[in-house]
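Okay, thanks for coming, everyone.

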Amino acid sequence: MATQEGKQGSTTRPWACSCPLSQDVYAVPHPCLLCDEHFPTRADFLVHLLAAHHAIIDAVDDIANLPRYLEAWKPRLVDRALTDFFVAFDTHGDPSNGHADAGRYFMLSSTLEEDQALRRAIHAQQLKAVLACQQSEQAHMSAQPCFFCPTVAPNHRELLLHMETAHYFDIGFHANIVHLTDFLAELRVRLERFECLFCEKHFGDRNTLRNHMRKKRHFKINPKQTAYDRYYLINYRRYGHTWRTPATAATPLHADDDHDDAAPAPA
């Protein structure tokens with residue numbers, strides 16, 4: 001049961017999480033499939049692959065862990081013709097549209113049986129690691145302060161229940177969330193800089209923010225914020241379906257907003 005206390009809960013993990021999703025897989029070194037270069041981010045790698053090698057990876061967003069995928073493919077491509085695995089296709093440049101790079105390009109297709117098997121294996125490993133991390137986190141829950149009032153809940157589950165019933169703030173069922181400690185910490189940081197969790201406007205102080213969230217019914221998170229993807233188990237269970245999917249028919253993000261009470265975002 002939640003209690004009214006001034007004591008603050010910790011958002012630091014009291015356990016060692018080995019799950020690869022405990023760190024952002026978009027921001028770890030990405031080895032190039034076709035040369036010896038490495039890139040600090042996913043975006044940098046994909047730009048290089050296209051510009052330097054005229055190559056792309058089919059359905060790249062569906063790959064659970066791109067660095068692991070690249071490391072698995074790289075030795076398979078040594079001393080092999082690119083067309084042994086990549087599909088070649090020709091393009092015609094159109095300078096009027098800013099696409100003047102005509103020529104032959106290559107695509108590593110997800111329809112390739114070997115590629116499908118690798119994607120499924122990585123996906124299964126990722127899901128197993130995420131579930132293990134979730135189980136470990138649930139076994140090491142600590143007291144957590146409410147975002148909106150002095151209440152301190154004895155654990156994460158009770159905190160979510162309290163915020164849903166007392167403040168109508170709901171981020172989802174506890175069992176469907178992974179890395180909940182990190183998720184709560186990220187949301188708390190946003191609130192501490194007076195940012196609305198739904199429309200992501202910034203305000204001058206806490207009271208103005210609270211009034212805005214209450215008036216606009218913004219006691220919820222932004223369904224278009226991809227930074228939250230890593231916290232929802234559904235994103236690891238199957239391809240092409242995310243926690244945002246059921247909300248596609250919801251009211252547009254800024255449909256009921258005015259612009260009088262928002263402050264410029266901090267520099």
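Start at Asp79, in the loop between α2 (66–73) and β5 (86–91); helices here are DSSP runs of H or I, at least four residues, and strands are runs of E, at least two, numbered from the N terminus. This is a predicted model, where local features need pLDDT of at least 70 and side-chain atom pairs count only at 80 or more, while totals for chains, interfaces and linings use all residues. Residues are numbered from 1 along each chain as its sequence is written, and side-chain values use heavy atoms, leaving out hydrogens and water.

Back to Asp79: its phi is positive, about 60 degrees, although it's not a glycine. Asp79 is exposed, at 77% relative accessible area. Exposed means over 50%, buried under 20%, and partly exposed in between, with a 1.4 Å probe and protein chains only.

Glu200, in the loop between α5 and α6, also isn't a glycine and has a positive phi, near 65 degrees. Glu200 is partly exposed, at 23%.

Now, the inside. A nonpolar core here is a set of buried Ala, Val, Leu, Ile, Met, Phe, Trp, Tyr and Cys residues joined through side-chain atoms within 4.5 Å. The largest has 27 residues, and Phe148, Phe169, Ile171, Phe183 and Leu187 touch the most other members. α4 (156–167), α5 (180–192) and α6 (206–215) each give two or more residues, with the largest share, five, coming from α5.

Which residues does Ile171 touch, leaving aside those up to four places away in sequence? Among them are Leu160, Phe183, Ile221 and Tyr232, contact being heavy atoms within 4.5 Å. Apart from that core lies another, of 21 residues, including Leu33 and Trp73.
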